[in-house]
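Subject: Structure handover

Hi,

Here is the structure I promised to pass on. My notes follow below it.

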Protein chains: 2
Amino acid sequence: MPRDLGQHAGLTRESVLDAARIIASEQGLGNLTMRSLAKRLEVAPNALYGWVASKTALLDALVDDALKDVGVSPLSTTDDSDQRGRLTKLLLDTFDAIMERPELATLFLDRAASPGPNATRIRVKVRQLLIDNGVAAAGTDAAVPILLVHVIGFAAFVLQTHGAKLLDEPHLGPARNLVATSISWLLNGVTKTPATA
Amino acid sequence: MPRDLGQHAGLTRESVLDAARIIASEQGLGNLTMRSLAKRLEVAPNALYGWVASKTALLDALVDDALKDVGVSPLSTTDDSDQRGRLTKLLLDTFDAIMERPELATLFLDRAASPGPNATRIRVKVRQLLIDNGVAAAGTDAAVPILLVHVIGFAAFVLQTHGAKLLDEPHLGPARNLVATSISWLLNGVTKTPATA
DNA sequence: CCGGCTACTTGTACGTTGTACACCTCGCGA
DNA sequence: TCGCGAGGTGTACAACGTACAAGTAGCCGG
């Protein structure tokens, strides 16, 4: 249990992660270093290791936290129809979450299979929605990664080509339409095929 | 123009890249360092910079060279039908090329849009095959990255989850079937939709 | 046959990175 | 009042990518 504030510098796991986020977003991921992070918090570099096991762990936390708000709203609200719409929305929300943190795009890529809590929750939910869409439970083992990898890969690609500059809503539209389209293509296949493993 | 062989150590761009490949495949990408590379070549670390501009450039070359053999066979041989089969084969060949170098998987990911000559050739060929499949030229700007990102992302995912150990043919089968399946899903959509950009 | 030019390689070194070890120094509970 | 332990600091190390200047071998014009 970390104390709220108090003695020397009053670090917190959250304050560390927040500072890391700010540095990454303002100066790019390449300038996010243990030392730059420590400097911003006015702390010796080693102090960070009380709150974060390693830099890798810090990056892990960063990417997983970016998915914090995805798929947290209750599953079924009013109508039970349009399960497919729900699934599409979840995938698009994931896409949006990545697009909101362009500087982390490369991290998302090679952590697509990472076991972070938020990522896991999304995977579970996708799986459930697939079942709701009539996909056999066994087939979801293949379909879940296909869908998620597609979304992540697409987001990373868009950010890479568009230079991560035109990420505000006005210019995001076309890209979003494209993901939506390609997701729908995949869903067409997923919900139709018996999914050979 | 580098001389073929001769004086001190007789380096070559190819010998450097070969050694890099060997280190990456034997000891993992993390152990591929300018110094380890130099040591293997029995050369001072700086000597490498005469043949490779930087480590980044070396990695760029590594990933692009891995695609050397993909899509080099002539486009149309005998039958003009089954354009779709040709496109599928090209994508699967790309998949196989990545699976052959599991240690480079993460590199492929954030270089999916890289302008290497081999990558470019594949992109061009995919685009051409899409047109041959009846996709409007304008639509290919969207479809090409969708397909390639999908293939690369999928390969990376498979390697990441399966730990890059069972990459030999016997165990590769299921994964290959899955990509083939998902590619076919995407192609269904691509060749049917007018592709809104 | 010789002298220099050029291409290649080396030695040395700098700055930066992640991170371990030992020590200090508060504030709190007994 | 007195430890005790959490949360820091100082220092340090090994490894990284890479720049700069010097050296050395071979080839070519004379």
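Helices (H or I, at least four residues) and strands (E, at least two) are DSSP runs, numbered from the N terminus. On that basis chain A has eight helices and zero strands. Its pattern along the sequence is α-α-α-α-α-α-α-α.

Some housekeeping. This is a predicted model, where local features need pLDDT of at least 70 and side-chain atom pairs count only at pLDDT 80 or more, while totals for chains, interfaces and linings use all residues. Residues are numbered from 1 along each chain as its sequence is written, and chains are lettered from A and ligands numbered from 1 in the order in which they are written.

**Fold**

A residue is buried if 20 or more other C-beta atoms lie within 10 Å of its own, exposed if 12 or fewer, and partly exposed in between; C-beta atoms are placed from the backbone. Of the 197 residues in chain A, 36% are buried. Two residues are in contact if their C-beta atoms, placed from the backbone, lie within 7 Å. Take the contacts in chain A with a separation of 6 or more: 75% are between residues 24 or more positions apart.

**Chain A against chain B**

The contact involves 28 residues of chain A and 28 residues of chain B. On the chain A side, helix 5 (105-109), helix 7 (137-161) and helix 8 (169-192) each give two or more residues. Helix 7 of chain A gives the most, with eleven.

**Helix 4 and helix 7**

Helix 4 (residues 83-99) of chain A packs against helix 7 of chain A at about 35 degrees, with the axes 9 Å apart. Axes are lines fitted to C-alpha atoms, for helices over the stretch in contact, and angles run from 0 to 180 degrees between N-to-C directions. From helix 4 of chain A come A:Leu91, A:Thr94, A:Phe95, A:Ile98 and A:Met99. They meet A:Leu147, A:Val151, A:Ile152 and A:Ala155 in helix 7 of chain A. A:Ala155 touches A:Phe95, A:Ile98, A:Met99 and A:Ala105, leaving aside residues up to four places away in sequence.

**Annotations**

Best wishes
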